[in-house]
Amino acid sequence: MINDISHKKINLTSSIYENREGLVYARVSSKRQEMEGSGLQSQEGRCISDLNVIGVPHKKTFQDSFTGGGDFMRRPAMRELIAYIDAHPHKEFVVVFDDLKRFARDVEFHLKLRAAFKARNVLLRCLNYNFDESPEGKFAEIIMAAQSELERHQNSRQVIQKQRARLEAGYWPFGGKKGYLIVKSPMHGKYAIPDPIQGIVLKEALEGFATGIFVRKVDACAFLVEHGFWKKQKPARYIDKFAAILKDPFYVGDVEYLPWEVERRPGKHEGIISSNTFQLIQKRLGKSEIGKQIRVDISDDFPMRGITVCGSCNMHLTAAWSKGRKGHYAYYFCQNTSCVCYRKSIKKKDIEDGFATVLKKNILKDEVDKLLLTVFDRVWGEESSNIKKQHANKEVEKERLEEKIRGLTDIAFKTISDEVRGAYEQQIEESVKELKKIKEESVQKVDLDVPYRTALTKAKTFLKTPYIAWENSSTLEKQQLFYFVFDQKIPYEINQGYRTTEIPSAIRLFEEFATANPLDVEHL
């Protein structure tokens, strides 16, 4: 009689999972967990064994490496799991995980995730917990989810307390910084030391930017890419990363973390640059935001759109034509709904005539002419050198590929085996494609003296009399020339006009370098 009852229970259990397919969800929140018994493979193995016990075929495993609670849709594998279920609406699934903490460590999202699976008719199995739809079972489940959330918050608090203590003691607890290595010391524990190779390259780039050797951020980025500090992408891709380094006191030897109210203090690590260099960098950054993007939707009707911002909220001014009783009228206006100047119209004439007045005031002094020539020569020389280097490298690569093709052709011709010959022919074909690509991208030899003289004349003319150059330029040229004189977009206030005292100018930067104390700028 007992055997019959047991047999009926097994059949009842089996009928629940009949015709369903098994999906496994595994999650870890640290490398240590991944390596130890709670690792992803270990979780997957236990869950697959559970599917075998209930007679459900295992179809797919979804693995997450995600820490903490919160929205389950932030977990990549959980999104993939739900998307997989939605992509197979005519199938029924069982989702298995080894611990309730893997499911969700937040009561709110635990319940939302449960509802998401229930809406899809998905059965859940947990190796250390039996889901029960009774009122008592649901209550117990919420208590366990709340316990997991409490543990998560307690762990987070402990980690923050330890990291804050490290910060206050002068150590950076959040991992490595570019240009540094993390080492272990009996005295300091884990702490940062300058990378013997990358640190020297970064030091040269930072000092070069501070003293004006690198006029733009992208010039410094190009130097760093050329010397292997960054790889794979073009220099312009690294401008934001370099900008963050320029503002980071860590590279002076200090630490700070304002989100935790840990103010700047001396660190235990060695700085890459001096305090004087860091101050020079901040001085430059305070006057410039170099390398701004040019709008692609510029209009001849509104040349100041995209380069003028609202003086109240610092958001872009847009522009449009408005129909009136006697015709159409052009206006600029702020479109920030939270701004006090929202939709308040500014006449096109006021914006553009006001800017013309600003331009007329920005005239390069004669004594700065020599500095302009020096900087222009340096930048032009670097660009010319890069062009010539690219051409030389491509010529070397072309010769190498041509020699390789000749060698492979000789070998293939002498080979008896069709299979071996086919392999060589495939290599020849790939090399020919590379050679063709290089020839198409090859840099033609040009006389750089002609564009040099033209560019220098334009630069000097524009800096000396920017208003005249502006008036004689197209709208696109105006957008480009704007950033040649001004280092950032300029604010316009409805009742005051342009705040000229707050407009950082490249002309003023040139003049400042020309009149700087030699002790402040060691070399230009």
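Residues are numbered from 1 along each chain as its sequence is written, and side-chain values use heavy atoms, with hydrogens and water left out. Because the model is predicted, local features need pLDDT of at least 70 and side-chain atom pairs count only at pLDDT 80 or more, while totals for chains, interfaces and linings use all residues. Helices (H or I, at least four residues) and strands (E, at least two) are DSSP runs, numbered from the N terminus.

**Salt bridges**

- The whole structure holds 11 salt bridges, a salt bridge being a side-chain nitrogen of Lys or Arg within 4 Å of a carboxyl oxygen of Asp or Glu.
- One of them joins aspartate 248 to lysine 177, with the closest N and O atoms 2.6 Å apart.
- Aspartate 248 sits in the loop between α10 (239-247) and β7 (254-257) and lysine 177 in the loop between α7 (135-168) and β5 (180-185), so this pair ties together parts that are 71 residues apart in sequence.
- Aspartate 248 and lysine 177 are both buried; buried means under 20% relative accessible area, exposed over 50%, and partly exposed in between (1.4 Å probe, protein chains only).
- Arginine 264 and aspartate 254 form another salt bridge, their closest N and O atoms being 2.8 Å apart.
- This pair links distant parts of the chain, with arginine 264 in strand β8 (residues 262-266) and aspartate 254 in strand β7, 10 residues apart.
- Arginine 264 is partly exposed at 36% relative accessibility, whereas aspartate 254 is buried at 17%.
- Aspartate 219 and arginine 216 also meet through their side chains in a salt bridge, at 2.7 Å from N to O.
- Here aspartate 219 is buried, with a relative accessible area of 10%, and arginine 216 is partly exposed, with 34%.

- In strand β1 (residues 20-28), 9 of the 9 residues are buried, so the strand is largely enclosed by the rest of the structure.
- Arg20, Gly22, Val24, Ala26 and Val28 point one way from β1, while Glu21, Leu23, Tyr25 and Arg27 point the other way.
- β1 runs parallel to strand β2 (residues 58-65), joined by 7 bridges; two strands pair if DSSP finds at least two bridges between them.
- Glycine 22 has histidine 58 in β2 as its bridge partner.
- β1 also pairs in the parallel sense with strand β3 (residues 92-97), over 5 bridges.
- Leucine 23 is placed opposite valine 95 in β3.

**Sheet β9-β13-β14**

- These 3 strands form an open sheet in the order β9-β13-β14, with mixed pairing.
- β9 (308-310) and β14 (497-498) are at the edges, each with a single partner strand, so one side of each has no neighbour in the sheet.
- β9 and β13 run parallel and are joined by 3 bridges, and cysteine 310 has tyrosine 492 in β13 as its bridge partner.
- Glutamate 493 lies in strand β13 (residues 490-493) and is buried, with a relative accessible area of 19%.

**Helices α9 and α10**

- Helix α9 (residues 217-226) packs against α10 at an angle of about 100°, with the axes 9 Å apart; axes are lines fitted to C-alpha atoms, for helices over the stretch in contact, and angles run from 0 to 180 degrees between N-to-C directions.
- That makes α9 roughly perpendicular to α10, a term for angles of 65 to 115 degrees; under 35 counts as roughly parallel, over 145 as roughly antiparallel and the rest as oblique.
- Lys217, Val218, Ala220, Cys221 and Leu224 of α9 make the contact with Ile239, Phe242, Ala243 and Leu246 of α10, contact meaning heavy atoms within 4.5 Å.
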